[in-house]
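Let me put the structure up and walk you through a few spots.

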Amino acid sequence: MSTRLPTFGNVGLAETLQNRRLLAGIVVFVVLALYPAMTLNAYHTRLLTWIMCFAIAAMGFNIVLGYTGLLSFGHAAFFGTGMYTVVLVMGRVGITDLVAVMVIAMVVSGLVGAIIGVLTVKTHEIYFALLTLALAQLLYILAVRDIGGLTRGTDGIGVTRPDFFGIPISELPAQIYLLGFYYHVVLVALAATIVLLWFVLRSPFGLTLKMIRENETRAEMTGVPVLRYRVYSMILSAMVVGLGGALYAVLIGHITPEYLDWTMSGEIVFMALLGGIGTFFGPVVGAGGFILLQELALSYTEYWHFTMGLVLFIVVLTLRENGIWGGAKTLVERLNDRRGEQ
Amino acid sequence: MRKSRLSRRTYLKGAAALSGVSMTAGCALLDEDLGQETIEGIPDEPFRIAQILFESGPAAFYGEQAMNATDMLVDQINAEGGLLGEREIEIVDRLDEGAGLDSLISDVQAIAQEGEVDMLFSIISSAHVLGVAPAANDQQMPFLVTMPGTYQLFEENPEMDHVVRTAGSNASGAIGAVRMVEQMDDIETVVTIDPDYAWGHDHQEMFETALENVRPDIDIVESRYPDLGETDYSAHVSAIASQEPDLLFSSLWGGDTATFVSQGVDGGLFDQVGEALLIGDTGAPLLRSLGGDMPENVWLGGRAGYQPTYRYDEDEDHQQFVDDYYDRYGEYPGWGAYHDWAGLKTLQEGVERAVSIIGDWPTGDQLMAAMNDISVEMPHGQHTMRGPQAAAPAVFGRPTEDHDFPVDHPLTTDFEFIAATEVNPPTGVPTMEWVEEIEPL
Amino acid sequence: MSSEPILKTENVRKDFGSIVAVDGVSVEFYDDEIVGIIGPNGAGKTTFTNLISGALPLTDGTIIFDGEDISGLQKYKRVRRGLVRSFQIPQIYDEMTVFENMQASVLSRKQENNRLFTPTHRDSASVSETERLLELFNLEAHADDHTEHLPHGVRKVLDVAMSFALEPEIMILDEPTSGVGSREKNAVMETITEAAVEQQIGLIFIEHDMELIRDYSDRIVALHEGRVLADDDVAAVMNSEEVNQFILEGGV
Amino acid sequence: MIPETLLGQPFVLGHTFNGLYFAALLFFASVGLTLVFGILNLLNMAHAAFYGLGAYIAVWTLNNIGDITTTMVALLLVLVIVIPLAVFVLAAALDKTVFAPLYEIEPVYQLLATFGVILMLDDIIKYLWGATPISVDAATNPSRQLGTIDLLGSSVSVYRSFVILIAVCCAVGLYLMFVKTKIGKISQAMSEDYEMVQMLGINVTRVRVLIFSLSIAIAALGGALFVPFAVATPAVTLEYVLLSFAVIVIGGLGSLKGVVVASLIIGMVRSFGIAYVPAIELAIVFALMVVVIIAKPEGLFGDEGVVE
């Protein structure tokens, strides 16, 4: 009976499309990789690094919201855990290799994700949102009160720059380190995250998360251990968000508990939503959009909260899960259709 | 708020860094032949300052005063022709600390990149300065820090050569308070209340450690840490009142002090305590917002003598500053205003000093170097820089309704002055080590 | 009939507070028969199926499946053993295509949910099986449609088809034709029963339509007030006086 | 370590009083949030922002009213009647415009859209009153003018006792409204089955506007009563957003009784927590929230309707 691949004509089409997308992706990657050397613009490079760190975090976040269908208001917990892990691993444990530090940060964030995942596994919708919020807020209080003496409270801790495979690269001047080296590390991390998640979310695992999002009862009645997969989803998400936080920690150079606060969670949600939680690339676009918008608003008005609030309000009411990326895609499709008709 | 997006210029500073030019640091710079690094004559364009302060959030209390004082003083300096009488100052940009550390650091980067700003100025939050100062230094962007007190600034980043701080560290307030207590009789029990972040914890720790050395007979029976920006202190008030301590020590500042004191008065707290030492940055605006609620058994003060009544009659400069400020803004200057005054004075002196040594307008590096180890005249006497860090004295006063100023709120009087040498660690000694070894006077 | 029942309930009981919804039901089911369950509203039909599928915990009694006690087993584990149900209101994944819906079932049956790196459309084994199933249930025309806007009848068939994809031993259908146009009812039942016979799946279905019950059941279990009123072949139950009194005349 | 004097009776009384006062404020800030959710199915994250708005309006009014009157009765009437009434009108206008489209969307999107409203309101307050904390001038400050009285050996703030009294009146008033009046009964029916009420031909939009505006007005009343004893700062909004969510989650979404009980619990936890275990006081509140959601997601009284 399995003679059927050809009848699904769109497989062939999808293949070509994918290749074109792949091509576009490679072009974007190369342009980004060359950008600092070509422009020597430190501000732009820093801004891009900043955006890319949050793009990773927003993509990680969207595993839970966009794919598993659960709104978490506590992802600052994972972002902050990633950040503090970097500081503590470098400062207290003495591991200074970039790759090792990042891997440890992901593992620790994943552990926090497992704990929060298990505790929240039976809640839905707003209860899930409020429970994740409360749990993250507990972590925030822990950091603010400096319980355990690790975080130095609201003044925060400075981060030194990690080395790279034993090369004492941290001794380079700041500009060269951040622009020449670190920018590319973050770029590669983002590319790797995109490729990895692209496959993971299209795999049977990704389909299983979507099953849970669409209909938890049905998924369970199809033999899926729903609770377990919700925890998996949280762990994966936490690891990716933690990576984003860890990368960001080195860039910002100084960490305060603000990164664990619920308003930080709100920003991550905002980014994903702005770009489009129903799309794969939406969160990346959203992180860029959010940070550029904020920088722009800040440069023109002291009332930038208002601007951001208005944008959030409008995006929620008009674009919904499509976000600006989904909206743009629809627009392009429509234009193509019209061209096709003519 | 970044009002100016200046045209992008060639990438000068970054390129210099990229090509690995190492910058000569510190005072050594001034002694050498600096021929090619100096700019001939005084530049035509104004000296451009980007000011960093809170325009939003609870600490905007200081931001507003600092902004007011800076606007006023810059106008005055420019009326005389500017720095050295030749080069005007222009505030080209203001960054809101309320936007958070991410934005601050990124904006500092942009400013350094554009090369259209000569110096960063002010800043309030200790958490922010610990992040922004190293970032500015990495960019070789001159940064004159005027307000935050964290002693960790230079102890954590000893290499910074583009940053100076014209405010005394929080040690001067805490140790000043210890010196006050040292002279008091009839004190056996103390309760401390400080905001729950490093500022408060640092103050409490220094106070407790030093007090143990100079007055081992006194017990700190309880230490409380309300949240920064707390709006309801009634639970703390009840708890402290129940202890009936001989002394209450507090580093709460700004609006927090106002709220705490007024709720304390409400709960009868100051009838239950012998003396209160309020060392958070408290000045005239605080007394104004409290109206008639200020109890009499408190000492107000801390680092530097930043009270409009302190040596008002003796010090002409001070009198003029206070009167001008009052004429312009209808209230008396608070600590935020004084801090930025000290900063601008140091800048003026630094420019003069650099020019007198090298004969030319200084580069950013030279200017910062010239501001090291300088001293300027402030109401409390010589305000001395030890290296990049100011050593300020401690001054405390009593609130009084009995004054000749045209306002109906209390001001301070009966001042106690404690010299800078008594309340600051000697150059090169880490603050906490010094505090642990402190001896009775 | 096979000698061993595939599913057996022993004195199954369910209380909601002071209300007894299912009151000691003992029935046996075999994997080569079609059993209709009838009873007036509130007789405990749906509660009974929920107990079997594990959606509700038992108050008392035992459920034996394939010779093992599954009374406390989690829902998804019952499904994995071959005890599957479909729903009165179709439970399908709205924002996914019909193809994806079906493939989701196929992959879950194979317990391949944890495979991480092969994109699902490249997994030829599950793709071809999905296509075969879509064809079997006449759904291939809708393969690429999102299910959200499909006609109700198609959604219903998809729901049942997704349960078939799990290759169960026995399947419980809660009103498989509810909401389906009267003309299509027979066609739907025809499709389902043929597939069941072909794949040797035992069927249990709850139905209000007595004609369908008569036409498609091998055996009927009649429930009334949480108890078994009758359990016999079609003719016997339909002619039973008690059944006529409590159920058929009661106007279901 | 708890000093023995702290366990003495006057101080337990003092903490209890503080706890009651704090509970009263929490009640004002959260009761509308839970009603709007229970009856209208709108999860309005921006609800407590109107508490902040009420505080600012009160500070501004009291600081400008001095020339007209300094009579205590007038000042209290301004706080209890005039300001809530003004905010009621404002809320009605907002319901018809900003909030109207939010009733149609999923709770998750409601949460996000109203998060946007918080940000906007934040800056509107900043535009109108600046970012510097403001307190009420002594001359027109009822809290300072009323002073304290001695009760069982401890001094008790007259003004704060008044606030507690108003909260009790407000709770009783709401209860009576729901059980006695027609509009209250319709509201209860709406909380159970919105569509059914709509089909009965009742103008649900009017009821909606009423309930929404009333809820917001109570929040503003809370803010107005809060500010004479404290200060208006931009941080008040965010603090109460979190606390009010804690209250309604612990009490059970949509339950009037739940709000009263949860406000009392959190008020007492905070008051005694600050006195005896200050380091973890706020952590207790969130830990409580976590435990309740995990163990009893519907909250203490969430499954019982508005006034059961």
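H3(A) passes H4(A) in a right-handed crossing, where right-handed means the near helix is turned clockwise from the far one by less than a right angle, and left-handed means anticlockwise. Before I go on: this is a predicted model, local features need pLDDT of at least 70, side-chain atom pairs count only at pLDDT 80 or more, and totals for chains, interfaces and linings use all residues. Residues are numbered from 1 along each chain as its sequence is written, while chains are lettered from A and ligands numbered from 1 in the order in which they are written.

Back to that helix pair. Two packed helices are described by the angle between their axes and the distance between the axes. Here H3 covers residues 76-93 of chain A, and its axis sits 8 Å from that of H4(A), at an angle of about 140°. Axes are lines fitted to C-alpha atoms, for helices over the stretch in contact, with angles running from 0 to 180 degrees between N-to-C directions. So H3(A) and H4(A) are oblique to each other; under 35 degrees would be roughly parallel, over 145 roughly antiparallel, 65 to 115 roughly perpendicular, and the rest is oblique.

Who makes the contact? From H3(A), the residues include A:Phe78, A:Thr81, A:Gly82 and A:Val89, and from H4(A) they include A:Ile104, A:Val108, A:Gly113 and A:Ile116. Contact here means C-beta atoms, placed from the backbone, within 7 Å. By class, that contact has 11 nonpolar, 5 polar and no charged residues. For the classes, Ala, Val, Leu, Ile, Met, Phe, Trp, Tyr, Cys and Pro are nonpolar, Asp, Glu, Lys and Arg are charged, and the others, Gly among them, are polar.

Now slide along to the next helix. H4(A), residues 98-120, and H5(A), residues 125-144, have axes that come within 10 Å and cross at roughly 140°. That makes H4(A) oblique to H5(A), and the crossing is right-handed. On the H4(A) side you have A:Ile116, A:Leu119 and A:Thr120, and they meet A:Phe128, A:Leu131, A:Thr132 and A:Leu135 of H5(A).

Zooming out to the chains: which pair shares the most contacts? Chains A and C do, out of 4 pairs of chains in contact. That contact takes 27 residues from chain A and 34 from chain C. On the chain A side, H1, H6, H7, H8 and H9 each supply at least two residues, with H7(A) giving the largest share, 7 residues. That side divides into 13 nonpolar, 8 polar and 6 charged residues.

Chains B and D also touch, using 31 residues of chain B and 32 of chain D. On the chain B side, H3, E7, H9 and H10 each bring at least two residues, and H9(B) has the largest share, 7 residues. The classes on this side are 8 nonpolar, 17 polar and 6 charged.

What about the pairs that don't touch? Chains B and C have their nearest C-alpha atoms 35 Å apart, and for chains C and D the closest C-alpha atoms lie 16 Å apart, with no contact.

The cut-offs are 20 or more for buried, 12 or fewer for exposed, partly exposed in between, with C-beta atoms placed from the backbone.

Buried or exposed? With 10 C-beta neighbours inside 10 Å, B:Thr427 counts as exposed. Leaving out residues up to four places away in sequence, B:Thr427 touches B:Arg386 and B:Gly387. B:Arg386 is 41 residues away along the chain, yet its C-alpha atom is 6.6 Å from that of B:Thr427.

Notes. Two residues are in contact if their C-beta atoms, placed from the backbone, lie within 7 Å. Helices (H or I, at least four residues) and strands (E, at least two) are DSSP runs, numbered from the N terminus.
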